[in-house]
Amino acid sequence: MREFAKPELRPLSDAVKEWRVYHGNSMLRVFSPGDIMLVEQITAKNAAPGDIICFTDSNGKNIVHRFIRWSDDGGLITMGDNNATPDIGIIAPECMVYRVTERHTLSGKIIPVSAGRKGLLTFRINRFRKFARRLMTIAAGILRRINFLKIPVKNFSHFGDEKIFFFLGHPVAKCSDDKNIIWLSPWFRAVLKIKTPEK
Amino acid sequence: MIKVNPLAVFRQEFDNNAILFNPDSGEIFALNPTGRVIWQAISEGLDREGILKKLADECSTPLPPEAGRDLDDFIASLKDKGFLADA
């Protein structure tokens with residue numbers, strides 16, 4: 001800063017008001033907290049399913065969700081990609097909303113945002129990924145409890161005070177002198193077993 | 001002692017200016033370089049004297065006599081817009 005200028009807090013012009021900053025959890029993996037979203041103002045009826053839109057709900061809170069389908073009376077039904085159910089309220093077709101067109105990350109990258117059919121495909125992929133993650137968590141929990149199906153691990157080496165167990169050449173667990181086994185991944189714990197050395 | 005609104009978003013631009021966004025009100029403001037330095041100093045927890053010292057360090061010219069008054073006015077406007085609060 002070369003010289004002191006009177007500090008000022010200047011409202012940005014209408015052109016630059018077309019920015020929004022993302023915060024929250026409902027659209028994580030599409031946006032990260034702090035990302036700046038470039039938006040364009042449109043009438044709700046001009047949006048297409050798959051578009052990500054910013055709007056204000058009945059409580060005055062700013063929401064950024066994806067428009068997923070039309071309601072029976074022509075309104076917009078929205079839903080966060082990470083939410084379990086669509087939003088309760090329906091956006092009337094004559095409302096003004098903001099469609100997100102670009103994403104500016106904190107590191108300075110500019111990423112175009114999928115809209116329309118491509119946006120709907122992204123939405124379905126995100127939902128499937130969430131479902132798959134949930135299935136894998138349940139499967140890992142079940143496998144962890146079924147001991148007789150697990151593969152025994154017998155190879156180990158001593159490193160100082162610790163014993164490191166290997167399976168197919170990869171370290172999978174370690175055991176210190178107090179005989180507590182620490183697994184390097186929950187999946188290793190789910191499918192492998194180590195016979196605790198007898199005292 | 002003043003504290004920063006934890007929800008406020010600060011983003012420094014490439015030309016030493018900055019943008020402040022208040023998600024509660026949805027308002028966006030531009031800060032000039034002086035305002036940017038003041039905001040960063042407040043975020044670091046500096047008091048009024050510490051902020052003036054930091055401004056003096058950042059400027060290549062001595063601070064004018066009205067710098068203290070301008071700083072107080074600026075902090076008052078930040079409080080008014082919801083970016084700061086008294087601790």
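Me: What makes S2(B) and strand S3 of chain B a pair?

Reply: In this predicted model, S2(B) and S3 (residues 18-22) of chain B are joined by four bridges in the antiparallel sense. Pairing needs at least two bridges, so S2(B) and S3(B) count as paired. Within this pair, B:Phe10 stands opposite B:Leu20 in S3(B).

Me: Which strands form the open sheet, and in what order?

Reply: Four strands form it, in the order S1(A)-S4(B)-S3(B)-S2(B). The pairing is antiparallel. On average, neighbouring strands are turned by 30° against each other, direction ignored.

Me: Why are S1 of chain A and S2 of chain B called edge strands?

Reply: Strand S1 (9-11) of chain A and strand S2 (9-12) of chain B each pair on one side only.

Me: What lies across S2, S3 and S4 of chain B?

Reply: Helix H1 (residues 33-43) of chain B does, running at about 130° to S2(B).

Me: How do you know that B:Trp39 is in contact with residues beyond its sequence neighbours?

Reply: Contact means heavy atoms within 4.5 Å. With neighbours within four places in sequence left aside, B:Trp39 still has contacts, among them B:Val4, B:Phe10, B:Leu20, B:Leu78 and B:Phe83.

Me: Which residues touch the most other members of the largest nonpolar core?

Reply: That core has 24 residues, and A:Leu9, B:Trp39, B:Ile42, B:Ile51, B:Leu78 and B:Phe83 touch the most other members. S3, S4, H1, helix H2 (48-58) and helix H3 (67-80) of chain B each supply at least two residues of this core.

Me: How many residues make up the second core?

Reply: It has 11 residues, including A:Tyr22, A:Ile52, A:Val64 and A:Val113, and is separate.

Key:
Residues numbered from 1 in each chain as written. Chains lettered and ligands numbered in written order. Predicted model: local features only at pLDDT ≥ 70, side-chain atom pairs only at ≥ 80, totals over all residues. Heavy atoms only, no water. Axes fitted to C-alpha atoms, helices over the stretch in contact; angles between N-to-C directions. Core = buried A, V, L, I, M, F, W, Y, C linked by side-chain atoms within 4.5 Å. Buried < 20%, exposed > 50% of the residue type's maximum accessible area, 1.4 Å probe, protein only.
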